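Here is a short briefing for a reader new to this structure. Look over the sequence and the model, then read on by topic.

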Amino acid sequence: MRDFGHVEDGQVGSVSDLHLWKRIFKMTTSSSHWLLLAVVLSFAVTFSTLALPYLMQQGIDRWILAAHLENSVRFAGLADVSLKYGLLVAVTFFTSFFQVVTLEWLGQSVMHEIRQKLFYHVTSLDLGFLQSQPVGRLVTRLTNDIQNMHEMFTSVMVTLFNDSLRIFGILILLFWMNVKLAAVMALFVPISALITYLFSKYARDKFAAIRRQLATMNAFLGEALSGMSVIQLFGQQLRSKKEFWILSEEYLQRCLRQIRLFGTFMPITEFLGTLAMAIILLVGGHQVLEKELTIGELVAFLAYMRLFFQPLRELSQKYSIVQSALASAERIFALLERKNKIVEPLQPAAIKDVRGDVEFRHIHFSYKKDEEALSDVSLVIPAGSTVALVGTTGSGKSTLINLLVRFYEPQQGEILLGGVKIQQFSTEDLRRYIGVVLQEVYILQDTLLANIIMDTNVTRQEVEQILDQTAMHRFVNRLPDGLDTVIGEGGHELSTGEKQLLSFARILCRNPQVLILDEATASIDTESEDILEQTIEKAFENRTSIIIAHRLSTIRRANYIAVMQHGKVVEFGSHQELLERDGEYTRLVTMDQVAVS
């Protein structure tokens, strides 16, 4: 069966992993006072819960069975016990309520902090890592995995602590009340513990299988939905339906296996609890007849036993949630520990006016081991000049640009901007000096003006001036609200050509020393052609420009053309010089494949 390229990494978390637990609790240090409050409330909940059977004993022995007292006295005493019982029930309710609210607030706060930290960390990682990861996996880290941890903080941690405290308290009370009966009940403790352990072990395996199958099924759905046009065009609906049925059927079977396991465990636990109570009723009833035990004490003892077995059932049910949360925590921590391969300089170069000359010195780079994308590339681009990179698909044009803006680091060689190694600039400064116009344009769900300004301090008047100089105001004037038109999802949809013009407007607002056009004009529509020509002319003024394009008219603007083939620069010169050489460039022009990517 296909895995559709997506299998959850990491094993199901181990409850005994102390290192993982330490890291999880370390995340609560900023809200430790709230965690302490939840612990105090746990003691209050446990005390009030365990006091209830004792009050039942008092009511039965001291008042209900006190035949020697007047009925009015017995009723008054019983009313007093009932009032205390009601007050303890109220205390249990309110302390439980505040404990749940406290833990919910704590969980939401901690998860919010982790979510922000994780998202910021992911956005700062190198492009090589991000492109190697399925998008669904990263989204899962920020959503499902964090939600799993939230469930543990809110519903599991309080249950584990409360139930553990309750079991410990009940054992002490039972031995204090009647050692003989407590010893009889204690015989069932190791049996219950063994059954709970076996259930937890098998439940972990069943849960892991369900999680893996769900990940595979979700990956298939993502693949199918994103490629629905192809599926419909080539009539693959029936095949996709069959594959999804197989995946869904396997998921169903794995869920049923877990249900059968729960269906086996719960009756066994109930049976042990009932059997224990029957034996205690027999032994305790004999003690009552022998006057060694009161009826109230027997009733209280049975009530404590019921309270004792209830946490055991709940602990086993929560076990899978704990394992899921620990597995999620492990994956989140692994992502947070992922180091960025693009290392920021300790003391970034502080240069106000960076020259626009670019130099590549003996660059070697591989995306995969033993598969060089660039091999000993050396290229000098003078400041203020325009250089076009041309070549067939896979020749290394875009790779060269990715190295220049430090999306990747070369394995060998150096890249200089204005005579300074690019590693000496902070990535923020470097990408401010170098403006890139891509074929794919990222659109914010905001106004056109906000999409143009982005992170710059350019004013509205300056934006309007840039639009006038490039004739892009004609494109803006066609929009319903001009610069205030909301674009993106839920707003006005821009055409491909309009998106490209928006991309140019962004770059002109940043006013970079180096301009890169990476297939930026490949999909421009005819209506925007005239505006584009004026925009490019304005964009090339007084700056170094590097072009990757298939439009011959754009390439002819270049002072120099670098022809790339198999990761090397095989020709360099002007358009006319290269045509006269009758080499690779001439072949590309003739075949109309200049710089096709």
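**Salt bridges and burial**

Asp429 counts as buried because its relative accessibility is 17%, where buried means under 20% relative accessible area, exposed over 50%, and partly exposed in between (1.4 Å probe, protein chains only). The model is predicted: local features need pLDDT of at least 70, side-chain atom pairs count only at pLDDT 80 or more, and totals for chains, interfaces and linings use all residues. Residues are numbered from 1 along each chain as its sequence is written, and side-chain values use heavy atoms, with hydrogens and water left out.

**Pairs of opposite charge**

- Side chains of opposite charge can pair when their charged atoms come close.
- A search of the whole structure finds 16 salt bridges; a salt bridge is a side-chain nitrogen of Lys or Arg within 4 Å of a carboxyl oxygen of Asp or Glu.
- Asp429 pairs with Arg432 in one of these, at 2.5 Å from N to O.
- Both Asp429 and Arg432 sit in helix H13 (residues 427-433), 3 residues apart, or about one turn of the helix.
- Helices (H or I, at least four residues) and strands (E, at least two) are DSSP runs, numbered from the N terminus.
- Arg432 has a relative accessible area of 36%, so Arg432 is partly exposed.
- Salt bridges with shared partners join Glu359, Arg361, Glu414 and Lys421 into one network.
- Within that network, the side chains of Lys421 and Glu414 meet at 2.9 Å, N to O.
- Lys421 is partly exposed, with a relative accessible area of 34%.
- Glu414 also counts as partly exposed, at 26% relative accessibility.
- Arg239 and Glu243 form another salt bridge, at 3.3 Å from N to O.
- Helix H10 holds both Arg239 and Glu243, 4 residues apart, about one turn of the helix.
- Which of these two partners is buried, and which is partly exposed? Glu243 is buried, because its relative accessibility is 18%. Arg239 is partly exposed, at 49% relative accessible area.

**Helix packing**

- Helix H7 (residues 179-186) packs against helix H10 (residues 237-289) at an angle of about 165°, and their axes are 10 Å apart.
- H7 is therefore roughly antiparallel to H10.
- Axes are lines fitted to C-alpha atoms, for helices over the stretch in contact, and angles run from 0 to 180 degrees between N-to-C directions.
- Angles under 35 degrees count as roughly parallel, over 145 as roughly antiparallel, 65 to 115 as roughly perpendicular and the rest as oblique.
- H7 and H10 cross in a right-handed way; a crossing is right-handed if the near helix is turned clockwise from the far one by less than a right angle, and left-handed if anticlockwise.
- Helix H2 (residues 32-64) and H3 pack at about 160°, with axes 8 Å apart.
- That angle makes H2 roughly antiparallel to H3.
- The crossing of H2 and H3 is left-handed.

**A glycine in H10**

- Gly273 is part of helix H10.
- Gly273 is buried, because its relative accessibility is 8%.
- Gly273 and Gln310 are 37 residues apart in sequence, and their C-alpha atoms are 8.8 Å apart in space.

**A nonpolar patch**

- Phe93, Phe94, Phe97, Phe98 and Val101 form a nonpolar surface patch, with about 530 Å² of accessible area together.
- Phe93 lies in helix H3 (residues 71-124).
- Phe93 counts as exposed, because its relative accessibility is 53%.
- Patches are made of residues with over 30% relative accessible area and no salt bridge; like charges are joined within 9 Å, and nonpolar side chains (Val, Leu, Ile, Met, Phe, Trp, Tyr) within 5 Å.
- Accessible areas come from the Shrake-Rupley method with a 1.4 Å probe, and for residues only the protein chains shown count as cover.
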